[in-house]
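Here is a structure to go through by question and answer. Each answer sets a value beside the rule that gives it a name.

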Amino acid sequence: YEQPKVIKATMEGRVTKTRVLEQALGTEAANLLENVRHVQIIACGTSYHAGMVARYWIEELAGVACSVEVASEFRYRKHVIQQDTLFLCISQSGETADTLAALRQAKKAGFRAALAICNVPGSSLVRESDLVIMTQAGPEIGVASTKAFTTQLTALLIFTLALARHNGLPEEQEAEIIEALHLVPGQVSDVLALDGEIAEMSKAFMDKNHSLFLGRGSQFPVALEGALKLKEISYIHAEAYPAGELKHGPLALVDSEMPVVTVAPNNDLVEKLKSNLEEVRARGGELFVFADRKADVKAEDGIHVMQIPSVHPITAPIVYTVPLQLLSYHVAVLKGTDVDQPRNLAKSVTV
Ligand code: F1P
């Protein structure tokens, strides 16, 4: 529920009505962002999903190649790092052992600069990076990240626009996206107001053991994040797939016992997504769709549709994450699990 406030706080002092204030990212920002040819993102868990969303933004808006990898794999792999690579670590705590190890290892291989997106001032990650964008999420009580994720996305979009400016993004496009970003806190509040309806929807998951989350484009990482939230706090097995991969395997799992959750903002992939939904329905799967009104996804037998405010396609991943967080929360409450302290998990994995 703090998300509208902390997203706003993460924007504060970093953007005007229409521009990113590059100097607010650090005095060295302009130099460090010049001539970046590749961004290598490293993170774990929810922070990794934020990095996956950022890849879509960085490649689309800045035209810069971007790779994303979980730190726990990156650190044990032999890799080639180019000198013109910006190494970007995302971590709520700034103390995740795998992320720090990956950064230290990459330092030896050499890169242009290290940027941290982090929530804890003075953390190891902040101290060891050249450029830092602090998220202003405040302390998270729960183990499962929620506001850390949406503020990470906010910081990553601001960073992307600063990088994009060095790579020729037209001012009008930057202004359009910043204006859309200013609308996000209000849109998140509108989604939070759907709480009662989402609680009602969550009842359908009570007696289920498995679930599937689908998304396309930058909504695929949102589906991954939704599935992670459901796993973490309700212990229901949840898989996320890019919707176009359905026919390459997961469709075999679909039956009436497998609820399928989908996020459907109004973008140029929505028509393809709708045909994926039909594939699920034809196999007796029950669909739960969070959709933009303009996307015109029709509620019918086996398809439950919840309308989400119209949002800009670039900022949609931030807004569409929130109904999935609420859904997991309500399923967990109904199941009586400990939402704040899930079994077997620690807030910060430092070993
Ligand atoms: C990474 C992370 C969290 C997750 C859990 C365990 O932490 O995977 O995303 O919610 O708390 O650690 P961080 O590097 O973002 O602090």
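The questions below concern a helix, a core and a ligand shell in a predicted model.

Q: How do you know that the length of helix α7 agrees with its number of residues?
A: Helix α7 has 20 residues, 147-166, and at 1.5 Å a residue these should span 28 Å. The C-alpha atoms at its ends are 29 Å apart, which agrees.

Q: Which residue just after α7 takes a positive phi?
A: G168 does, with a phi of about 85 degrees.

Q: Which residues have the most contacts inside the largest nonpolar core?
A: They are C89, V289 and V319, in a core of 120 residues. Helix α7 gives the most to this core, with 12 residues. The core draws at least three residues from each of domain 1 (3-183) and domain 2 (194-335).

Q: What does V319 touch?
A: Leaving out residues up to four places away in sequence, V319 touches V184, Q187, V188, V191, I308 and V311. Contact here requires C-beta atoms within 7 Å.

Q: How many residues of each class are in the shell around the ligand?
A: The shell has four nonpolar, 10 polar and one charged residues. Of the 15 residues around the ligand, G45, T46, S91, S93 and T96 come nearest. Helix α3 (residues 45-62) gives the most to this shell, with three residues.

Terms used. Residues numbered from 1 in each chain as written. Predicted model: local features only at pLDDT ≥ 70, side-chain atom pairs only at ≥ 80, totals over all residues. Helix = DSSP H or I, 4+ residues; strand = E, 2+ residues; numbered from the N terminus. Expected span 1.5 Å × (residues − 1). Core = buried A, V, L, I, M, F, W, Y, C linked by C-beta atoms within 7 Å. Buried ≥ 20, exposed ≤ 12 C-beta atoms within 10 Å, placed from the backbone. Domains from an automatic or database assignment. Contact = placed C-beta atoms within 7 Å. Near = placed C-beta within 6 Å. Nonpolar A, V, L, I, M, F, W, Y, C, P; charged D, E, K, R; others polar.
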